[in-house]
Every structure is written in C-alpha cells, then in structure tokens.
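Please view the sequence and the model together while reading the points below.

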Amino acid sequence: MKALLSSTYFGPVQWYQKLARAEEVYIEQFDAYQKQTYRNRCLIATANGVQALTVPVEHDDTNSQLSESSSPISIRISDHGNWRHQHWQALTSAYGDSPFFQYYVDDLRPFFTERWELLSDFNEAIRVKMCELLDIQPHVLFTQQYQREEVVKNNGFIDYREAIRPKHALPDETFLPRRYYQVYEQRHGFLPNLSILDLLCNMGPESIFYL
C-alpha cells in the first residue's frame, strides 16, 4: 500500500497508523494552506476534555492556492502569542501524571524551546522523532508536485489527505480506534484519535501495538 498524507503537527493516531502500515508514504508538499487542519494543529486530552493546540502561521494569498511550480508552498511559523510556552504548559498539565511523560520529556522539550522557520521543516522534525520513539521505520518520500485525483489513482496511492482531518474528515475503513489507557478516561470516557502524544505518554513502548 502507498499512502498519501498531508503534513501534521504531532499528528493523530490515525496518521501514524498509516506510517506504521504502509509500504511507502508520500507526504504532500504542494497542498494549499487551510485553516483547522492537522498541519498546524493537534488535539490532546486534558482535565477539561479535548483541547486543540494550534501553531500560529504567517501566510498570504499564494499559500491559499495549489502550487503549480517546482517549489513547495512555504508556510512560515509565527512567534505570535508565545505559543511555544503555552503549548508546553498545556502538555505538562495534561500529561504530567501520565505513565510515560517524564520518560519522554527530554525528547519533546526541544520542539517548544528551539525555533523552526518553516512549518514543513518543523513537522518533519517532529515526525522523525515520533517514529524513533514509536520504533517504526516508515519509507517516507515527499511529493515533487501536487498530487491531483487522477494522478493519485494512476499511481496506486490511497489518498488520506482529506480523510485525516479534525473536522469533516472522510471515511477511513482501514482505521478503527482501539481503546488504551488515558489519564482522564474516568472523567470523559475514552477519547479516540487524539495526538500521537496522547498514545505515547499513556502507553510508552507499547504504543506500537496500537498502530
């Protein structure tokens, strides 16, 4: 199976399932910027329920259109609102009492203290580290042009770019969320398909068995 994915910021369990199971994974570099996607947003479980963490970005009208050039669309990360500190505080509050947060804290902290200029580079650094911690070795490639529907079909991709979204996701028959331990499950019930951080902090080395 060849999977076509959009870039994600600490993507959901569903996204990492594709990395773990696909023979090849292509990450789209030429899709237009859209609000409220996993490209710059992740969902975590807190004492008050699900919380969205969003990386602020700087974008112009050219980022709202598909790229037909040989250069990927470049979305720059904004320093607005001290978001790195806020995200780290939210994570430490949400997962400080989870079984494995302290085990991974040194691996995670640099993403909230160091700076990346481009969102695509930031997300790729996150993906590499998450794969290392999950102990998966996906064969990841990057698109060299925007993959239109007819191109996807002709090349045998399974297109998950619209299927894996926080809102208005398309059906994905290959993904069935499996329950695992969550810190706040007694309060909110099991919350499926949150950020990979939720699975990792709660299940640690056993996370791979849920992908």
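A residue is called buried at under 20% relative accessible area, exposed at over 50%, and partly exposed in between, using a 1.4 Å probe and protein chains only. Helices (H or I, at least four residues) and strands (E, at least two) are DSSP runs, numbered from the N terminus. The model is predicted: local features need pLDDT of at least 70, side-chain atom pairs count only at pLDDT 80 or more, and totals for chains, interfaces and linings use all residues. Residues are numbered from 1 along each chain as its sequence is written, and side-chain values use heavy atoms, with hydrogens and water left out.

- Helix α7 is mostly covered, with 8 of its 8 residues buried.
- The buried residues of α7 are I196, L197, D198, L199, L200, C201, N202 and M203.
- The cover over these residues includes α1 (13-21), β3, α2 (83-95), α3 (101-108) and α4, where contact means heavy atoms within 4.5 Å.
- Just after α7, G204 has a positive phi of about 55°.

- Two packed helices are described by the angle between their axes and the distance between the axes.
- Axes are lines fitted to C-alpha atoms, for helices over the stretch in contact, and angles run from 0 to 180 degrees between N-to-C directions.
- Helix α4 (residues 119-134) and helix α7 (residues 196-203) pack at about 30°, and their axes are 12 Å apart.
- This angle makes α4 roughly parallel to α7; angles under 35 degrees count as roughly parallel, over 145 as roughly antiparallel, 65 to 115 as roughly perpendicular and the rest as oblique.
- The crossing of α4 past α7 is left-handed; a crossing is left-handed if the near helix is turned anticlockwise from the far one by less than a right angle, and right-handed if clockwise.
- On the α4 side M130, L133 and L134 take part, meeting I196, L197 and L200 of α7.

**Packing of α2 against α3**

- The axes of α2 and α3 come within 11 Å and cross at roughly 165°.
- The two helices α2 and α3 are therefore roughly antiparallel to each other.
- The contact joins W88, L91, T92 and Y95 of α2 to F101, V105 and L108 of α3.
- In this pair, α2 passes α3 in a right-handed crossing.

**The loop between β2 and β3**

- R39 is placed in the loop between β2 (24-28) and β3 (41-46), and R39 is buried at 10% relative accessibility.
- The side chains of R39 and D31 make a polar contact (2.3 Å); such a contact is a pair of N or O atoms within 3.5 Å, and within protein one must be able to donate a hydrogen and the other to accept it, while residues adjacent in sequence count only if both atoms are side-chain atoms.
- Leaving aside residues up to four places away in sequence, R39 touches S7, T8, Y9, D31, Y33, I75, L119 and N123.
- Q36 also lies in the loop between β2 and β3, and Q36 is partly exposed, with a relative accessible area of 37%.
- The phi of Q36 is near 60°, a positive value in a residue other than glycine.

**Cysteines**

- A search of the whole structure finds 0 disulfides, a disulfide being a pair of cysteine sulfur atoms within 2.5 Å.
- For C42, the nearest cysteine sulfur is that of C201, 11 Å away, and C42 is buried with a relative accessible area of 1%.
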